[in-house]
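Please look through the chain below before reading on.

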Amino acid sequence: MATSEGRWHPHLWHPFIQAATADPPLRAVAGQGAVLTLDDGRELIDAISSWWVTLHGHGEASIAAAIADQAVRLEQVIFADFRHPAAERLGERLSALSGLQRLFFSDNGSTAVEVAIKIAWQWWRNRGEPRDRLIAFEGAYHGDTFGAMAVGARSLFSEPFEPLLFSVARAPWPATWWNDDGVEGREREALTRLEELLEVPTAAVILEPLVQGAGGMAMVRPRFLRAVAERARQAGALLIADEVLMGFGRSGHLFASTGAGVQPDLMALSKGLTGGFLPMGVTLASEAIYSGFLSEEPRHTLYHGHSFTANPLGCAAALASLDLLERAPWRHRGMEARHRPRLEVLARHPAVRRPRLTGGIAAFDLSGPGLDYLHPAGRRLQRLMLEQGVFLRPLGSVVYLLPPLCIDDPQLDHCYGALAGALDRL
Ligand SMILES: Cc1ncc(COP(=O)(O)O)c(C=O)c1O
């Protein structure tokens with residue numbers, strides 16, 4: 001069979017890839033369940049849910065049918081002047097599940113974060129009490145648009161844009177792992193620093209609840225999240241939970257923040273929102289925040305919107321995805337228990353450092369000196385895994401599994417077995 005193996009397409013520009021040095025991308029022609037099929041007939045287990053979006057599995061029939069059904073009734077309508085039944089139903093359901101009453105729609109995770117920041121910032125101004133401080137965490141990643149980049153950690157990715165990014169105060173992120181005896185001390189230090197930062201009137205604190213994803217699957221304990229929320233509340237700062245990665249069951253709970261006992265004021269959602277079928281972002285806000293924008297004064301309006309705001313196809317996909325999550329909650333609740341024994345075995349491998357697990361995300365660092373994001377070990381591991389029929393995308397020296405919920409036990413065993421084999425050969 002003719003394939004595109006080893007070639008770059010003459011007209012496509014891929015994200016996060018240095019085409020001068022990277023391997024050309026694989027060519028996918030189909031996806032079903034946990035498996036992607038390439039144009040040469042090879043099959044790969046998608047062990048990272050295609051950048052963490054494919055929640056239930058590829059080709060999930062009920063979501064595809066819901067989109068098709070919606071498409072022939074109403075595919076799109078301007079949301080400034082119209083509402084529609086799919087958005088209404090999604091509003092009712094997400095609000096009941098999150099404890100936040102108002103949904104603002106956008107297009108992806110970055111825009112969901114942008115909107116949350118703009119709402120928090122303007123809310124204080126609408127009250128006539130402007131607060132100029134935003135607090136984020138070291139190592140955070142919130143997306144690639146300018147506001148999202150600004151609240152994210154400064155890195156190689158944001159370096160060219162540095163002069164364009166607004167300044168943000170930053171607290172340490174006391175990441176932890178199995179058998180970590182230093183966590184208490186690091187949490188104490190982080191909270192002390194946060195308290196100092198909160199002495200300046202703060203508009204909002206933004207964080208990735210429980211797991212910083214792109215920052216290296218850096219996991220904190222739920223008690224740290226609760227302590228941050230408590231400090232923010234005491235200082236009167238709004239709390240923004242960026243649940244773009246963790247939302248919709250990845251932590252084992254529907255939302256990582258509420259599952260840990262924290263009620264944020266604003267929540268950013270995307271990725272698993274539509275089951276991974278369509279790009280859509282949602283920023284959830286409390287009624288108290290929403291009412292801060294109701295005014296006779298035009299300048300109190302939230303002047304933000306996108307052409308595809310509340311696209312009916314995205315809403316239909318999201319409703320079908322929620323149906324699946326509610327019909328089979330044991331799938332997301334059970335992922336951690338399925339990873340645990342397998343990660344315990346893998347953790348004995350000498351190349352595995354700092355094993356850690358939260359819900360459906362199992363991660364570890366490759367042992368060895370100086371392993372960072374650009375270190376070639378991650379790419380080498382990726383190639384070795386491809387030979388074993390598993391698609392992984394290590395974050396430099398951080399290796400993780402984050403498969404779709406439909407992955408079965410033999411497939412999960414295969415991922416762990418292939419990893420052990422690849423680590424032997426690394
Ligand atoms: C926590 C978090 N926030 C925001 C984003 C940005 O989402 P998107 O890539 O859809 O813009 C990501 C993407 O990985 C993320 O993990």
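A polar contact is a pair of N or O atoms within 3.5 Å; within protein, one atom must be able to donate a hydrogen and the other to accept it, and residues adjacent in sequence count only if both atoms are side-chain atoms. The model is predicted: local features need pLDDT of at least 70, side-chain atom pairs count only at pLDDT 80 or more, and totals for chains, interfaces and linings use all residues. Residues are numbered from 1 along each chain as its sequence is written, and side-chain values use heavy atoms, without hydrogens and water.

Seven strands make an open, mixed sheet in the order S4-S12-S11-S10-S7-S5-S6. Strands (E, at least two residues) and helices (H or I, at least four) are DSSP runs numbered from the N terminus, and two strands pair if DSSP finds at least two bridges between them. S4 (102-106) and S6 (169-171) each have a single partner strand, so one side of each lacks a neighbour in the sheet. Within the sheet, S7 (residues 202-207) and S10 (residues 238-242) pair in the parallel sense over four bridges; Leu207 has Ala241 in S10 as its bridge partner.

Where does Glu243 sit? Its place is in the loop between S10 and helix H8 (256-259). Glu243 is buried, at 0% relative accessibility (buried means under 20% relative accessible area, exposed over 50%, partly exposed in between, with a 1.4 Å probe and protein chains only). The side chains of Glu243 and Ser257 are joined by a polar contact of 2.5 Å.
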